[in-house]
Each structure stands twice: as structure tokens, then as C-alpha cells.
Amino acid sequence: MAVSSPEISSILTPHPRLTDSHGRIIHDLRVSITDRCNYKCVYCRTGEMGAQYPELGIDEYLRLIKLFVSLGISKVRLTGGEPLLRRGLVDLVRQLSALPTLTGGPLDLALTTNGHLLDELAAPLKAAGLNRVTVSMDAVDAPTFERITHVPGSFQTVLAGIRAARAAGLTPLKINCVLLRGFNDSQIEGFARFAREENVVVRFIEFMPLEEGRLWTPEIVVPLAEIVARIGRLLPLVKLPPREASETAQRYTFKDGVGEIGIIAPVSQAFCGACSRVRLTSDGKIRTCLFSQVEHDLYGRLRSGETNAELRTYILRTVQEKEARHHMGEPGFLKPSRSMVHIGG
Ligand code: SAM
């Protein structure tokens with residue numbers, strides 16, 4: 001399904017912008033295009049559950065994403081599960097990259113991947129119009145990495161994927177590392193060196209209670225302050241100013257300006273007040289927060305024949321009710337019914 005001129009004008013026709021009742025403007029959409037994954041990262045999947053939810057057709061994702069873009073979404077991140085497993089991905093990227101946005105520029109199109117298939121897909125994805133990629137990598141030494149992913153040989157495969165992405169121009173290249181005390185907190189200094197040597201932005205993410213199993217405790221989370229202190233002992237860090245209010249990472253460079261470290265601290269320093277994001281699951285449900293207790297069945301409405309105008313009204317109303325904040329770590333906190341891999345990280 002190519003993006004036709006009437007569709008482009010329908011996106012550019014003035015519609016209300018997505019906002020919520022807490023005064024936040026929503027311009028960032030994460031779309032999961034599968035909840036299948038080829039890794040079994042110890043903090044994410046048990047490996048026993050497999051895929052839990054159906055996938056939509058590529059044309060159906062495209063139609064739903066266009067509705068969001070017509071309401072002011074200017075940044076789309078494709079994720080999963082593992083999005084590179086999804087047949088039709090390159091075509092989806094090609095069609096999305098042709099969409100105009102209400103801000104006048106093209107859509108900012110990014111993807112999060114474990115990097116396993118990136119060596120072969122980086123160049124086709126770049127040619128199709130993908131702007132940037134984030135690769136998840138939880139250790140810089142092969143034995144620790146493979147103890148986490150449970151896939152022999154995966155460290156070298158992902159490293160090749162990272163280098164292919166850089167060569168293809170999918171930059172700035174970000175590496176996401178989820179730190180767990182006792183599993184991979186030994187890697188902090190190694191990642192600081194890796195950021196400088198490989199010319200990548202390394203972002204440490206605090207572990208959230210979104211795993212399939214039961215691993216999360218407050219003690220297993222390695223907080224931002226500890227990461228900054230440890231890297232600072234290796235080489236002095238300089239804090240960088242935020243580029244936009246909704247930026248999730250606190251950014252640092254080294255005193256000599258070489259390399260960048262980011263820390264995403266949803267547990268120890270929540271940033272819900274500036275959240276600009278909503279999510280669409282692989283089966284077409286809107287989630288207005290990672291920790292939402294309710295999901296909103298957008299695809300069900302599309303299937304039942306609602307018009308684009310009706311679907312837009314539904315999206316606007318749903319996003320208005322976005323939660324003020326998460327309640328992670330508070331008494332009475334309830335884990336959402338889906339784990340990260342089934343929501344779309
Ligand atoms: N398969 C892709 C990947 O590996 O990047 C995309 C999906 S994965 C669920 C997206 C991101 O969520 C990864 O960076 C992963 O490390 C992160 N993640 C998974 N479970 C998490 C948790 N409980 N807390 C924080 N981040 C988590």
C-alpha cells in the first residue's frame with residue numbers, strides 16, 4: 001500500500017493535536033510489530049511463554065500509524081519483541097519514511113533491536129528511510145553477554161550488527177544497557193570505554209518490574225547516582241543540557257568531549273511529568289503508559305469498520321486519559337498484565 005496524495009492531504013488536514021488532561025503534548029509513538037523474540041534475556045523473557053499476541057498486517061500498522069501522525073505524532077519508534085524478525089519491516093519503513101508530519105518535516109523514524117539480524121538489515125533499512133537505531137546490549141564481554149541472552153555466539157553477531165549500522169549511517173547509534181546488580185553491574189566501566197572506542201552513545205536503563213518472571217526487587221536496580229559516581233572515578237564526567245523537555249536520558253560526556261553516556265532512570269528519578277509518549281502493541285491496543293492497567297482496542301474498532309474520523313476521535317479521547325505517572329516501587333503497585341517484550345519496549 002503506497003502513500004497516496006489524498007492520504008498525504010488527509011494527514012496534513014488540520015485535526016486537533018494529541019494532548020492529555022495533564023497538559024502534556026504527545027508527539028512520540030512506539031509501535032510493537034511483533035512480540036516474538038529470538039533472545040531470552042534473563043531480565044526480560046523466561047523463554048517459556050513465546051509470543052502471546054497476534055500480529056497485524058503491515059498495511060494495518062501503516063493505517064493506524066498514519067492516524068496518529070495526522071494527530072501530531074512526529075516521532076515513531078518500531079520495536080517488539082524483536083522487530084527485525086518481522087517480515088515486511090523494510091517495506092513498512094519505506095512507507096513510513098514518506099509520511100509528512102504536522103511540524104512540516106519528515107517523520108523521525110527509529111527502531112530498537114537486539115541487533116542479531118542487523119548485519120544484513122542495516123543497509124536495506126537505511127535505504128528504506130530509517131533514521132536511527134538503538135541496539136540493546138547488556139555486556140561488553142562475550143561470556144557475560146551470552147549468559148544474559150542465552151544465545152551462544154550472540155556477542156560477536158551483535159557487535160557486527162552495531163558496526164554495520166554505523167557503516168550504513170544509522171547514526172547517532174545508541175546502545176541500551178539494562179543494569180542488574182549481581183548480573184552485569186561489573187560492566188559499567190567497560191561500557192564507558194566502549195562508548196569512546198566505538199563512537200556510540202551508551203545509555204544505561206534502570207531495571208523496571210516488567211519482566212516475564214519474578215526478578216525485580218528495589219535492591220537489584222542500579223540507580224543513576226551510583227552509575228555516575230563509578231564512571232566519574234574512571235574519567236571525569238560533564239553533564240550535558242537536555243535537548244528537549246521530554247528527553248528521557250540524563251546525558252553526560254567525558255571531560256575531553258569524547259563519547260557520550262546517558263542514564264534513563266525511571267525508577268530512581270521518574271520523568272513522567274515530561275512524558276510525550278504513547279504505545280501501540282503488536283495486536284493494535286493503545287497503551288498510554290508502560291504501567292497502564294487498561295488497554296484500548298484501536299484495532300478492534302478498525303476491524304469493525306469505523307471510519308478514520310471515528311478512529312481519530314477514539315485516539316484523541318483515549319490519550320486525554322493518559323495516566324499522570326507510574327507508581328513503581330510504591331505500596332500497592334500492580335505489575336501490568338503484559339511484560340515489556342509483549343508491550344514493546
Ligand atoms: N528486541 C528489541 C531489543 O532487544 O531492543 C526490542 C524490544 S526490548 C523489550 C526493548 C528494550 O527494553 C531493550 O533495550 C531491553 O533491554 C529493554 N527492557 C526489557 N525489559 C526491561 C525491564 N524490565 N526494564 C527496563 N528495560 C527493559
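Strand S3 and strand S4 (residues 132-136) pair in the parallel sense, with four bridges between them. Keep in mind as you browse that this is a predicted model.

**Strands around S3**

- On the S4 side, leucine 111 stands opposite valine 133 in S4.
- To get from S3 to S4, the chain passes through helix H4 (residues 118-128), and this β-α-β crossover is right-handed.
- S3 also has a partner in strand S2 (residues 75-79): the two run parallel and are joined by four bridges.
- Within that pairing, arginine 77 has alanine 110 in S3 as its bridge partner.
- How much of S3 is covered? Five of the six residues in this strand (residues 108-113) are buried, so S3 is mostly covered, with buried meaning under 20% relative accessible area.

**Salt bridges**

- The model's salt bridge count comes to 21.

*Glutamate 226 with arginine 181*

- These two side chains meet in a salt bridge at 2.8 Å, N to O.
- Glutamate 226 sits in helix H8 (residues 224-234) and arginine 181 in the loop between strand S5 (174-179) and helix H7 (188-198), so the pair ties together parts 45 residues apart in sequence.
- Glutamate 226 is partly exposed, at a relative accessible area of 24%, and arginine 181 is partly exposed too, at 32%.

*Aspartate 256 with arginine 196*

- Here the side chains form a salt bridge with an N to O distance of 2.6 Å.
- Distant parts of the chain are linked by this pair, 60 residues apart: aspartate 256 belongs to the loop between strand S8 (249-254) and strand S9 (260-264), while arginine 196 belongs to helix H7.
- Aspartate 256 counts as partly exposed at 48% relative accessibility, and arginine 196 counts as partly exposed at 25%.

*Arginine 338 with glutamate 295*

- The side chains of arginine 338 and glutamate 295 meet in a salt bridge of 2.6 Å, N to O.
- Is arginine 338 buried or exposed? At 2% relative accessibility, arginine 338 counts as buried, whereas glutamate 295, at 26%, counts as partly exposed.
- Both residues belong to a salt-bridge network that links Asp283, Lys285, Arg287, Glu295 and Arg338.

**Helices H5 and H6**

- In general, two packed helices are described by the angle between their axes and the distance between the axes.
- For helix H5 (residues 142-149) and helix H6 (residues 154-168), the axes come within 8 Å and cross at roughly 100°.
- What does that angle make of the pair? Angles of 65 to 115 degrees count as roughly perpendicular, and H5 and H6 are therefore roughly perpendicular to each other.
- The contact brings together Ala142, Phe145, Glu146 and Thr149 from H5 with Ser154, Phe155 and Val158 from H6.

Technical notes:
Residues numbered from 1 in each chain as written. Predicted model: local features only at pLDDT ≥ 70, side-chain atom pairs only at ≥ 80, totals over all residues. Heavy atoms only, no water. Buried < 20%, exposed > 50% of the residue type's maximum accessible area, 1.4 Å probe, protein only. Pairing = 2+ DSSP bridges. Right-handed = clockwise from strand over helix to strand, strands pointing away. Salt bridge = Lys/Arg side-chain N within 4 Å of Asp/Glu carboxyl O. Axes fitted to C-alpha atoms, helices over the stretch in contact; angles between N-to-C directions. Parallel < 35°, antiparallel > 145°, perpendicular 65-115°, else oblique. Contact = heavy atoms within 4.5 Å.
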